[in-house]
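Reader: I am new to this structure and should like to be guided through it by questions. May we begin once it is in view?

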Amino acid sequence: MNPRSSLPYVLAAAALAGLVAVAFAVGRYPVSLADLAGLLAAKIYGGANAHQSAAQMVILEVRGPRVLAALLVGAALAAAGAAYQGMFRNPLVSPDILGVSSGAALGAVLAIFFSKDAIVIQAFAFAGGLAAVGLVYWIGSRLRGHDPLLALVLTGVVIGTLLGSGIALLKYLADPYNQLPAITFWLLGSFAAIGPKDLAAALPLVLAGLAPMVLLRWRVNLLALPDDEARALGADTRRLRALIVAAATLMTAAAVAIGGIIGWIGLLVPHAARMLVGPDFGRLLPLAMLLGAAFMLAVDTLCRTIAPIEVPPGVLTALIGTPFFLWLFAISRRRW
C-alpha cells in the first residue's frame, strides 16, 4: 500500500486516538491530559499518588468501560453496514434491514416487561435479534420465483413491522411509572450502565462475526456482482451470502444487546469510508470500523457533556446523521 492510499487510515486512526483522549478527559469530573499521562505512567512503571487514585477510579471504573463499549458498538455496526450494503448491492441498506434491531428490541422489551435484570435483558435482546434474522432468512429462502436479495429485504421489512407492533403492544401494557420509562430508555440507546462483564460478553461475539468477514474479504466483493457472474468466478453465492448474513447479524445483535437501538452508523459510515477508499471490501472494512468507532465515541462524549442530563445516543446520531448523509450525497460525484 503506497503512502497516499494509506493516508485515510492514518488520519482516521489519529482522529480516533484524539477522541479517546478527549472522552477520558471531559465529564462531570474533568481529568487533564497530564493526569491521563501520569496515570498511564503509573500503570506502566508503578506508583500513584492520591490524585491519580481518584483519576484512576473515574477513568478505569466509570469512563473506561463506556469508552470501550462505544468503540466496540460503533466498529461493529459500521462493519455490518459495509457488509450488508455490498452484499445487497444497495447503498440504502443498514444493519437492521433484516429485522435484527426489531427482534432485539422486542426481546429486551419483553424482559423489561417481566421485570428481569440487566443480564437477562441483554440475553433476550441478543436472542431476539438472532431469532428475527433467522425467521427472515428462512422465509426469504422459501419464496421461489423471486430475486433472493429482494425477497430477503422485503421479508425483513415485513417481519420488522410485525415485531414493531409487538413492541408497541408491550409498551401500551407496561406499567407507566416503572416499566415504560425503562423501555423507552433502552430503545433510545445508552452506554451509561456498561460494565466490564458486558464488554466481556459482547467482545467475543463481535470478533466471531468479524473473523469470516476478514477471511473472506475478497470473496465478499463477488457478491456485488450478479449471481451468474459470481458463480462463474467460482463463488457459491448462496452459502457465502448466508455466512456473511450470519456474521453481520452476530455483530449487530451483540452491539444492540449492550447499547440499545442506535441507528445511522451502519448506514452513514460505510458511505463515508467508500468515498475515501472505494468499494473494495478488503480496504473498506478496516476504514469503516475506524470511522464507526470514532463517530460513536464522539456522539457518546457529546451525549454526556452537552446538557445537564444525558442525551440518548439514538437521538443524537439521527440529528447528526441526517444532515451529514445529505451532505455526503450532495458532494458525491460518482455512482455508488
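Reader: How far apart are the end C-alpha atoms of helix H12 (residues 265-277), and what span should its 13 residues have?

Author: The model is a predicted one. At 1.5 Å a residue, the 13 residues of helix H12 should span 18 Å.

Reader: How many of the 13 residues of H12 are buried?

Author: Residues count as buried when their relative accessible area is under 20%. In H12 these include Ile265, Leu268, Pro270, His271 and Val277. The helix is largely enclosed by the rest of the structure, because the number of its residues that are buried is 11 of 13.

Reader: Which residue follows H12, and what is its phi?

Author: H12 is followed by glycine 278. The phi of glycine 278 is positive, with a value near 90°.

Reader: Which side chain of opposite charge is nearest to arginine 274, and how far away is it?

Author: Arginine 274 belongs to helix H12 and is buried, yet it has no salt bridge. A salt bridge would need a side-chain nitrogen of Lys or Arg within 4 Å of a carboxyl oxygen of Asp or Glu. The nearest side chain of opposite charge is 11 Å away, and it belongs to aspartate 280.

Reader: With which side chain does the side chain of arginine 274 make a polar contact?

Author: Although arginine 274 has no salt bridge, its side chain does make a polar contact. The distance is 2.8 Å, and the partner is the side chain of glutamine 85.

Reader: Where is tryptophan 264 found, and what is its phi?

Author: Tryptophan 264 is found in the loop between helix H11 (237-259) and H12. With 26% relative accessibility, tryptophan 264 counts as partly exposed. Most residues other than glycine have a negative phi. Tryptophan 264 is not a glycine, yet its phi is positive, at about 80°.

Reader: What is the phi of serine 115, and is this residue buried or exposed?

Author: Serine 115 lies in the loop between helix H4 (100-113) and helix H5 (118-141). Its phi is positive, near 60°, in a residue other than glycine. Because its relative accessible area is 58%, serine 115 is exposed.

Reader: How many salt bridges does a search of the whole structure find?

Author: One of them joins the side chains of arginine 66 and aspartate 300, at 3.0 Å from N to O. Another is formed by aspartate 236 with arginine 239, where the closest N and O atoms are 3.8 Å apart. For the whole structure, the search finds 3.

Reader: How many residues apart are arginine 66 and aspartate 300, whose side chains meet in a salt bridge?

Author: The side chains of arginine 66 and aspartate 300 meet in a salt bridge. This pair links distant parts of the chain, with arginine 66 in helix H3 and aspartate 300 in helix H13 (residues 281-303). Both arginine 66 and aspartate 300 are buried.

Reader: At what distance do glutamate 310 and arginine 66 form their salt bridge?

Author: Arginine 66 is buried, with a relative accessible area of 10%. Glutamate 310 counts as partly exposed, because its relative accessibility is 34%. In the salt bridge between the two, the closest N and O atoms are separated by 2.6 Å.

Reader: What distance separates the C-alpha atoms of proline 65 and proline 196?

Author: Proline 65 is in helix H3 (residues 50-88), and it counts as buried because its relative accessibility is 6%. Proline 65 and proline 196 are 131 residues apart along the chain. Their C-alpha atoms are separated by 6.0 Å.

Reader: Which residues make the nonpolar surface patch of about 400 Å²?

Author: One member, tyrosine 45, is found in helix H2 (residues 33-45). Tyrosine 45 counts as exposed, because its relative accessibility is 70%. The patch is made by Leu40, Ile44 and Tyr45.

Definitions and conventions:
Residues numbered from 1 in each chain as written. Heavy atoms only, no water. Helix = DSSP H or I, 4+ residues; strand = E, 2+ residues; numbered from the N terminus. Expected span 1.5 Å × (residues − 1). Buried < 20%, exposed > 50% of the residue type's maximum accessible area, 1.4 Å probe, protein only. Lys, Arg positive; Asp, Glu negative; His and termini not counted. Polar contact = N/O pair within 3.5 Å; in protein donor to acceptor, adjacent residues only side chain to side chain. Patch = residues over 30% accessible without salt bridge, like charges linked within 9 Å, V, L, I, M, F, W, Y side chains within 5 Å. Areas by Shrake-Rupley, 256 points an atom, 1.4 Å probe, with all protein chains shown as cover.
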